[in-house]
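Let's take a walk through this model together, starting with its strands and ending at the ligand. Have the viewer open as you read.

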Amino acid sequence: MARTALVTGGSRGIGAAISKALKEAGYDVAATYAGNDEKARAFTDETGIRTFKWDVSDYEACKAGIAEVEEAMGPVEVLVNNAGITRDAPFHRMTPQQWTEVIDTNLSGLFNMTHNVWPGMRERKFGRVISISSINGQKGQFAQANYAAAKAGDIGFTKALAQEGARAGITVNVIAPGYINTEMMSTIPEKVMNEVILPAIPVGRLGEAEEVARCVVFLASEDAGFITGSTLTANGGQYLV
Ligand code: NDP
């Protein structure tokens with residue numbers, strides 16, 4: 001029987017590519033989103049992948065949402081924590097709201113989601129938790145104290161949880177993408193893209209969402225059973241750790 005995979009923020013951007021790649025690899029996929037109903041409907045029409053709406057920063061919503069997915073599709077055996085936002089500002093102008101929104105979504109979202117699938121994974125002695133961090137959580141980034149703190153937190157979360165999951169057959173890994181060609185990138189001015197960002201990427205181009213998706217499919221597979229607690233960088237050589 002096909003395993004069920006749940007991808008947060010799985011209806012557009014990198015998450016949509018992950019949802020599609022997991023479906024192609026034979027998983028039953030549930031994709032969640034926050035509020036963009038139109039995009040989610042179009043995604044389901046295009047792919048046949050079911051979408052579910054809730055806010056990953058809300059613990060009770062995650063609990064209820066996961067219960068709904070499991071009722072409809074069976075236990076979640078692969079969780080991909082992909083949902084993320086940016087609220088950039090130089091620190092002296094960053095508001096408490098910008099700080100909190102990013103931490104609540106990009107870091108606490110991992111707790112809220114993972115905590116609600118963890119008991120089932122422990123019971124069944126199998127699970128894959130794969131989270132999407134960022135190069136900016138590894139190296140920091142101007143005007144992203146909130147985002148960098150959350151994304152660095154995702155890596156620490158992964159390393160700690162990997163130790164707890166190991167004996168229960170659960171692997172916990174994180175992917176740190178560099179600059180990926182998605183809507184998130186469209187806010188960057190062309191001059192900055194051509195004169196600052198692209199010259200800093202040794203392979204000379206942005207990454208594609210499908211390239212991150214293929215990393216997820218590998219980490220979810222039986223073949224990756226000995227890999228846990230690791231940070232897989234996918235950044236075109238931009239930052240080497
Ligand atoms: P997008 O902005 O294209 O998509 C974000 C997705 O997350 C959407 O489906 C959105 O739902 C969902 N989402 C946002 N907030 C919440 C929330 N509170 N609860 C539930 N779902 C939510 O993002 P990307 O595809 O660009 O990024 C995906 C992940 O990859 C993020 O974690 C990002 O930080 C990370 N990343 C991205 C990079 C890039 O270059 N793009 C580089 C490195 C890391 P809705 O459609 O309803 O808004």
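In which sense do S4 and strand S5 (residues 127–132) pair, and over how many bridges? They run parallel, and 4 bridges join them; strands here are DSSP E runs of at least two residues, helices are H or I runs of at least four, and both are numbered from the N terminus. Two strands count as paired if DSSP finds at least two bridges between them.

Before going on, a word on ground rules. Residue numbers start from 1 along each chain as its sequence is written. The model is predicted, so to speak of local features takes a pLDDT of at least 70 and side-chain atom pairs count only at pLDDT 80 or more, while totals for chains, interfaces and linings use all residues.

Back to S4, which spans residues 76–81. Strand S1 (residues 4–7) also runs parallel to S4, again with 4 bridges, and Val-7 has Val-80 as its bridge partner there. 6 of the 6 residues of S4 are buried, so this strand is largely enclosed by the rest of the structure. Buried means that 20 or more other C-beta atoms, placed from the backbone, lie within 10 Å of the residue's own. By that count, 43% of the chain's 241 residues are buried.

Val-80 turns up again in the largest nonpolar core, a set of 57 residues where Ala-5, Ile-18, Leu-22, Val-80, Val-212 and Val-216 have the most contacts. Such a core is made of buried Ala, Val, Leu, Ile, Met, Phe, Trp, Tyr and Cys residues joined through C-beta atoms within 7 Å. Helix H9 (residues 209–220) gives the largest share, 7 residues. Leaving aside residues up to four places away in sequence, Ile-18 touches Val-7, Gly-10, Val-80, Asn-82, Ala-213 and Val-216; a contact means C-beta atoms, placed from the backbone, within 7 Å.

Now for the ligand. The shell around it has 30 residues, with Gly-9, Gly-13, Ala-34, Asn-36 and Gly-84 coming nearest; a residue belongs if its C-beta atom, placed from the backbone, lies within 6 Å. Helix H1 (13–24) and strand S2 (28–33) are the elements that give two or more residues, and H1 supplies the largest share, with 3.

Zooming out, the chain has 9 helices and 7 strands. Its C-alpha atoms fill a box of roughly 50 × 40 × 35 Å along the principal axes.

Terms used
A residue is buried if 20 or more other C-beta atoms lie within 10 Å of its own, exposed if 12 or fewer, and partly exposed in between; C-beta atoms are placed from the backbone. Two residues are in contact if their C-beta atoms, placed from the backbone, lie within 7 Å.
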